[in-house]
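Me: I would like to learn how to read a few features of a protein model. Please take them one at a time, with the general idea before the case.

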Amino acid sequence: MEKLEVGEVFTISDDNDEDQEVEVLAKMNMDGHEYVAVSFVEDLHEEEEDSDMEGIDVFFLRADEDGGLSALESDEEFDKVSAGFDELMDDAEDIDNV
């Protein structure tokens, strides 16, 4: 898989082996790894209609050197990445409010 960009949509298989489209909401580098925050496209469209983006489920994936994606390996990694994306989104909001 090639490097993903914000706004890009791709398909993953869920726990039931059903294909789901997800959209890249943000990406960042942390500790030498690239991470992406994604959400299901279907959920994003439902929330856009309600204009309340706080109800969407966001999850994080780690990109490897070959461009493949994998789930985070531990709760500690999840906490670290989640905090990093929260900070990234807060910084983006601060820029938008200037």
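Me: Is lysine 80 buried, partly exposed or exposed?

Reply: First, note that this is a predicted model. The class is read from the relative accessible area: under 20% is buried, over 50% is exposed, and partly exposed lies in between. Lysine 80 has a value of 45%, so it is partly exposed.

Me: With which residue does lysine 80 form a salt bridge?

Reply: Side chains of opposite charge can pair when their charged atoms come close. Here the partner of lysine 80 is aspartate 31, and the closest N and O atoms are 2.4 Å apart. Lysine 80 belongs to helix 2 and aspartate 31 to the loop between strand 2 and strand 3, so the pair ties together parts that are 49 residues apart in sequence.

Me: Why does aspartate 31 count as exposed?

Reply: The cut-off for exposed is over 50% relative accessible area. Aspartate 31 counts as exposed because its relative accessibility is 54%. Its backbone is worth a look too: aspartate 31 has a positive phi of about 50° although it is not a glycine.

Me: Which other residue has a positive phi although it is not a glycine, and where is it found?

Reply: Aspartate 17 has a positive phi of about 60° and is not a glycine. It is found in the loop between strand 1 and strand 2. With a relative accessible area of 66%, aspartate 17 is exposed.

Me: Which residues form the negative surface patch?

Reply: For a patch, one looks for like charges joined within 9 Å, on residues with over 30% relative accessible area and no salt bridge. In this model Asp15, Asp17, Glu18 and Asp19 form a negative surface patch. Of these, glutamate 18 lies in the loop between strand 1 (9-13) and strand 2 (19-30). Glutamate 18 is partly exposed, at a relative accessible area of 46%.

Me: How many salt bridges does the structure hold?

Reply: The structure holds five. One of them joins the side chains of glutamate 77 and arginine 62, at 2.4 Å from N to O. That pair links distant parts of the chain, with glutamate 77 in helix 2 and arginine 62 in strand 4 (residues 59-63), 15 residues apart.

Me: Are glutamate 77 and arginine 62 buried or exposed?

Reply: Apply the cut-off for buried, which is under 20%. Glutamate 77 is buried at 13% relative accessibility, and arginine 62 is buried at 10%.

Me: Which residues make up the largest nonpolar core?

Reply: To find such a core, collect buried nonpolar residues joined through side-chain atoms within 4.5 Å. The largest one here has nine residues: Ala26, Met28, Met30, Tyr35, Ala37, Phe60, Leu72, Val81 and Phe85.

Me: Which elements each supply at least two residues of this core?

Reply: They are strand 2, strand 3 (33-40) and helix 2 (75-96). Strand 2 gives the largest share, three residues.

Terms used:
Residues are numbered from 1 along each chain as its sequence is written. This is a predicted model: local features need pLDDT of at least 70, side-chain atom pairs count only at pLDDT 80 or more; totals for chains, interfaces and linings use all residues. Side-chain values use heavy atoms; hydrogens and water are left out. Patches are made of residues with over 30% relative accessible area and no salt bridge: like charges are joined within 9 Å, nonpolar side chains (Val, Leu, Ile, Met, Phe, Trp, Tyr) within 5 Å. Accessible areas come from the Shrake-Rupley method with a 1.4 Å probe; for residues, only the protein chains shown count as cover. A salt bridge is a side-chain nitrogen of Lys or Arg within 4 Å of a carboxyl oxygen of Asp or Glu. Lys and Arg count as positive and Asp and Glu as negative; His and the chain ends are not counted. The place of a charge is taken as NZ of Lys, CZ of Arg, CG of Asp or CD of Glu. Helices (H or I, at least four residues) and strands (E, at least two) are DSSP runs, numbered from the N terminus. Buried means under 20% relative accessible area, exposed over 50%, partly exposed in between (1.4 Å probe, protein chains only).
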